[in-house]
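Here is a short briefing for a first look at this protein. It moves from the overall layout to single residues.

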Amino acid sequence: MNIKNQVTSLETSKKLKELGVEQESIFFWIQTYDSTLAPILNHSIARAPSVRGDLYLVDRSPNGRNYAAFTASELAEMLPSCIYKGENRYFKLNIVKYDDVWAVCYHWHDHDLYLPNGNKLLVEALADCLVYLKENKLI
């Protein structure tokens, strides 16, 4: 499987950074010498894919142009197992796959707190849920 299918897309990574998600991941999207963006392993100095084999610093500052490329495992750890809404109401995290589409949602009896459109990539389905929770100030 291509690494780009195992980490959040650049667009999603930018959105998560805008929402204040801590930029801690084993992968980062960085800009290479030819201005392309590529996910690389997170090291203080990382070898980016390039013809010349140039080294690039991963800028972890809040205004850095690098974005954490989260894995599904990292995102799952960020999501709460339950979200409490009112007295004796708590929505439990559900991660399910229907056919070839992943859905990550919070459910309480017959009610959904978040019901996604679903995504073919688990990592993007998890990210969509985290974006929803952050945008709606549920976490």
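At 72% relative accessibility, Lys137 counts as exposed; exposed means over 50% relative accessible area, buried under 20% and partly exposed in between, with a 1.4 Å probe and protein chains only. This is a predicted model, in which local features need pLDDT of at least 70, side-chain atom pairs count only at pLDDT 80 or more, and totals for chains, interfaces and linings use all residues. Residues are numbered from 1 along each chain as its sequence is written, and side-chain values use heavy atoms, with hydrogens and water left out.

**Overall layout**

- The protein has three helices and nine strands. Helices (H or I, at least four residues) and strands (E, at least two) are DSSP runs, numbered from the N terminus.
- Along the sequence the pattern reads α-β-β-β-β-β-α-β-β-β-β-α.
- Of the 139 residues, 39% count as buried.
- Take the contacts between residues at least 6 apart in sequence: 46% of them join residues at least 24 apart. Contact means heavy atoms within 4.5 Å.

**Helix α1**

- Helix α1 covers residues 10-18, and its buried residues are Leu10, Thr12, Ser13, Leu16 and Lys17.
- Seen down the axis of α1, these buried residues fall within an arc of 160 degrees, so they line one face of the helix. The arc is taken from the directions that run from the helix axis to the C-beta atoms.
- Glu11 and Glu18 are exposed, on the face of α1 turned away from its buried side.

**How α1 packs on α3**

- Two packed helices are described by the angle between their axes and the distance between the axes.
- Helix α3 spans residues 122-135; α1 packs with α3 at an angle of about 25 degrees, and their axes are 10 Å apart. Axes are lines fitted to C-alpha atoms, for helices over the stretch in contact, and angles between N-to-C directions run from 0 to 180 degrees.
- The two helices, α1 and α3, are therefore roughly parallel to each other. Angles under 35 degrees count as roughly parallel, over 145 as roughly antiparallel, 65 to 115 as roughly perpendicular and the rest as oblique.
- The crossing of α1 past α3 is left-handed. That means the near helix is turned anticlockwise from the far one by less than a right angle; clockwise would be right-handed.
- On the α1 side, Thr12, Lys15 and Leu16 make the contact.

- Strand β6 (residues 82-84) pairs with β7 in the antiparallel sense, over three bridges. Two strands pair if DSSP finds at least two bridges between them.
- Ile83 stands opposite Phe91 in β7.
- The hairpin of β6 and β7 has five residues between the strands, and Gly86 takes a positive phi near 80 degrees there.
- Strands β7 (residues 90-98) and β8 (residues 101-108) run antiparallel, joined by seven bridges.
- Val96 stands opposite Ala103 in β8. Tyr98 has Val101 of β8 as its bridge partner.
- The hairpin of β7 and β8 has two residues between the strands.

- Most residues other than glycine have a negative phi, and most peptide bonds are trans.
- Asp99 has a positive phi of about 55 degrees, although it is not a glycine. Asp99 is found in the loop between β7 and β8. It is exposed, with a relative accessible area of 77%.
- Lys137 also has a positive phi, near 55 degrees, and is a residue other than glycine. Lys137 is found in the segment after α3.

- Glu74 is in helix α2 (residues 72-78). At 18% relative accessibility, Glu74 counts as buried.
- Leaving aside neighbours within four places in sequence, Glu74 is in contact with Glu24, Ser25, Ile26 and Ala69.
- Glu74 and Ile26 are 48 residues apart in sequence, and 8.9 Å apart in space from C-alpha to C-alpha.
- Trp29 is found in strand β1 (residues 27-31). Trp29 counts as buried, at 6% relative accessibility.
- Trp29 and Ser13 are 16 residues apart along the chain, and their C-alpha atoms are separated by 8.2 Å.
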